[in-house]
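Here is a short report on one protein model. Please have a look at the sequence and the structure before reading on.

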Amino acid sequence: DLEYICIDGGKNINWNQLLEPLNNLIKIELIKCDIQNTNVLFELKSLRYICLKDCKFLKFSHASTNNHFLKFIHIIKGSFSDTEWLKSFKNIDIIILENCGEINSIKSLEVCKTLRGISLTGNTKIIDGDLSCLATLK
């Protein structure tokens, strides 16, 4: 079974149809892809690593997920206003947000008790400036 997939320039892809039979995916890298609903990615139960680079139309839901294996999220040139959607990933280890523009707050990360590392680089700005939630993480 396929464990890794990388797609560059994915436009007009039916992500549900593509990913539904690939439930054993461990790693996904999507570059310049249009993704209307990221839930289809995060519902892959075996997924451990996801990288979204310069993907347009990203829509993150605050819904819970069945993925308890996801350990690493890397988003480059993503656009979202908050990190509430990350609360679903209770077992996340590493979060990298690179050139993600303005994010209102990262306070929601305080529930991610397994978080071992976070990188906020490039053009990524936390509007409220409050990084205190990181002090309570192990």
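## About the model

This is a predicted model, in which local features need pLDDT of at least 70 and side-chain atom pairs count only at pLDDT 80 or more, while totals for chains, interfaces and linings use all residues. Residues are numbered from 1 along each chain as its sequence is written, and side-chain values use heavy atoms, with hydrogens and water left out.

## Fold and overall shape

Let us start with the secondary structure: the protein chain has two helices and eight strands. Helices (H or I, at least four residues) and strands (E, at least two) are DSSP runs, numbered from the N terminus. In sequence order, the pattern is β-α-β-α-β-β-β-β-β-β.

The C-alpha trace spans about 40 × 25 × 20 Å along its principal axes. For 138 residues, a compact globule would have a radius of gyration near 14 Å, and the 14 Å of the protein chain agrees with this. That radius is taken over C-alpha atoms, and the globule rule is 2.2 Å times the number of residues to the power 0.38.

## Burial and surface

Of the 138 residues in the protein chain, 43% are buried. Buried means under 20% relative accessible area, exposed over 50%, and partly exposed in between (1.4 Å probe, protein chains only). The protein chain exposes about 7,400 Å², with carbon and sulfur atoms supplying 49% of that area; accessible areas come from the Shrake-Rupley method with a 1.4 Å probe, and for residues only the protein chains shown count as cover.

## The largest pocket

The largest pocket holds about 160 Å³ of space. A pocket here is an open set of points on a 1 Å grid over the protein atoms alone, where a 1.4 Å probe fits, with protein on both sides within 12 Å along at least five of seven lines; lining residues have an atom within 4 Å of a point. Grid points are joined across faces, edges and corners, and the volume is the space filled by probe spheres set on the points.

Among the lining residues are Asn12, Trp15, Asp34 and Phe57.

## Two loop residues with positive phi

Most residues other than glycine have a negative phi. Asp54 has a positive phi, near 55°, and sits in the loop between β3 (49–53) and β4 (72–76). Asp54 counts as buried because its relative accessibility is 15%.

Asn99 also has a positive phi, near 55°. Its loop lies between β5 (94–98) and β6 (101–103), and Asn99 is partly exposed, at 29% relative accessible area.
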